[in-house]
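Please consult the sequence and structure alongside the text.

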Amino acid sequence: MKKTFLLPALLLVIVTTFAQKQQPDFANKYAQSITPFGLKEKLTVIAGPEMEGRETASPGQRRAAAYIENYFQRLGLLPGTTGGYQMQYPIYQDTLIEATLQVNGKKHRLDSTFSLDIASAANGTYDINEIVFASYGIIDSTRNDYQDFNVKGKWVLIFEGKPDSEGPEDKRSPYGNPAKVLQAKALGAKGVFILVSEFVKKTSINTKGRMYLKKIATYSVPVITVSSDLGHELLGLNPARLLENIKISPTGSYQSKVQFTINKRTLALQSSNVIAVLPGTDKRDEYVLITSHYDHLGVRGKEIYYGADDDGSGTTSVLQIAEAFSKAKNEGHGPRRSIVFMTVSGEEKGLLGSEFYSEHPVFPLNKTSIDLNIDMVGRIDPDYNGDSTNYLYIIGDDKLSTNLRPITDSVNKKYLNLQLDRRYNDLNDTNRYYYRSDHYNFAKNGVPVIFYFNGVHADYHRPTDTVDKIKFDLMAKRVKLVFYTAWDMANRNAMMTRDIILDK
């Protein structure tokens, strides 16, 4: 009896073990669809001259969107919105007709002694009878430049940057001008003058303002950048005094006789995010999001800014990953969760496309397990100290979910052994990369993210960021890491945990 009972059990163990060993690795199979040739073929189109640098709301951007949409259609992916593959969204841009600034009856010329954030100010005339000089306008754990003042309904004058550094801070820094303007506005300031140490005079006036989503202009206050001399005049001080003198002048309220007038015309533009979805199986109502931005800087003068790495490389990656998942689906090995492929525009204008999506999500953010954001993966950082042919910067994988980083590392170890470098992952890193690409608009809404990045180089935001400089073999390896990670995220039993709360 014992012998006849044990034999079938032993055979069952052997057969089960053999079956487990022979289980196909479908992730690895379909990852082979990601090739240097396929990436180059697509990037040559996306970063080609016909796309004219893909500036947001330009004909080149619309041509790029059409190319991406057509590619999604060819793969058999479903449209990401009820209206089709393109999520249209409004963008606004101002054209300045006139701007004048008078101090004690003396007229100042725009771009000679002051410059203007055109989008920040509504049309009209502003009579300014009191200015609060608030040093650097900083409120943090070490100082509060407003603690003794009531700035409600008043204009403030502040220095750019912070005391222990020269020149301006990155605009996304808590000490950058946008953050300090928001701080002043929160305290009730009616407008902000920013005094810069080195004001650069311009030979011609730029009448085009920055692009913005409507709410940005609605909730802003006028922001005027002034030279050191003009800063002295605003406070009634001698303009001949050095910048160092105004830095030791008493902070507080100064009576003034200033008039600022602006007249502008606002143009309504339109751009789009291109979205496609591959439906999942038993977890089709949960989503893995794979993103990039397909816009770049357009044409300046007669030069095209091609944006091959930034972010043609990321956009090409999304298309190639979509192709790999589509092939898996067509052969009966589709993902459990739905995969959303989204290329956004407006990134170079301030993450506008992803911001619009995050505020008008097609797929619920609380059902979006992860955003894998690909922004610049085709080049080599010249300052990288390790194996420059086998690395990738990883940002954000420890910010919102404790189980995300272990998965990232295990997937990499199993398939690729890239050097995953997290040197820019610190929220206090001076480069502020965590805040500088489209994943951030998902992270700030609680969606776990990973940002894949190769670092900057001499061609960053230059016309010379061209296809011929892309390292396609290395790029293919990096893109495979995103694919393997997406495959894992789409097929595991549970969504990514959301168990880390970051201080905002």
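How many helices and strands does the protein have? The protein has 13 helices and 17 strands, where helices (H or I, at least four residues) and strands (E, at least two) are DSSP runs numbered from the N terminus.

## Basis of the model

This is a predicted model, in which local features need pLDDT of at least 70 and side-chain atom pairs count only at pLDDT 80 or more, while totals for chains, interfaces and linings use all residues. Residues are numbered from 1 along each chain as its sequence is written, and side-chain values use heavy atoms, with hydrogens and water left out.

## Overall dimensions and surface

The C-alpha trace spans about 105 × 50 × 45 Å along its principal axes. Of the 504 residues in the protein, 54% are buried, that is, under 20% relative accessible area with a 1.4 Å probe and protein chains only. The accessible surface (Shrake-Rupley method, 1.4 Å probe) comes to about 22700 Å², and 51% of that area belongs to carbon and sulfur atoms.

Contact means heavy atoms within 4.5 Å. Among contacts between residues at least 6 apart in sequence, 83% join residues at least 24 apart.

## Nonpolar cores

A nonpolar core is a set of buried Ala, Val, Leu, Ile, Met, Phe, Trp, Tyr and Cys residues joined through side-chain atoms within 4.5 Å. The largest one has 63 residues, and those with the most contacts inside it include Phe72, Ile290, Phe341 and Phe483. Helix α13 (residues 472-491) supplies the largest share of this core, 12 residues. Apart from it lies another core, of 34 residues, with Val277, Tyr434, Ala443 and Val447 among them.

Beyond its neighbours within four places in sequence, Phe341 is in contact with residues including Phe72, Leu77, Val274, Ile290, Val318, Ile321 and Phe325.

## Helix α10 and Ser358

Helix α10 (residues 352-359) is largely enclosed by the rest of the structure, because 7 of its 8 residues are buried. The buried residues are Leu352, Gly353, Ser354, Glu355, Phe356, Tyr357 and Ser358.

Leaving aside neighbours within four places in sequence, Ser358 is in contact with Leu365, Asn441 and Asn445. The C-alpha atoms of Ser358 and Lys171 are separated by 21 Å, and these residues are 187 apart along the chain.

Definitions and conventions: Buried < 20%, exposed > 50% of the residue type's maximum accessible area, 1.4 Å probe, protein only.
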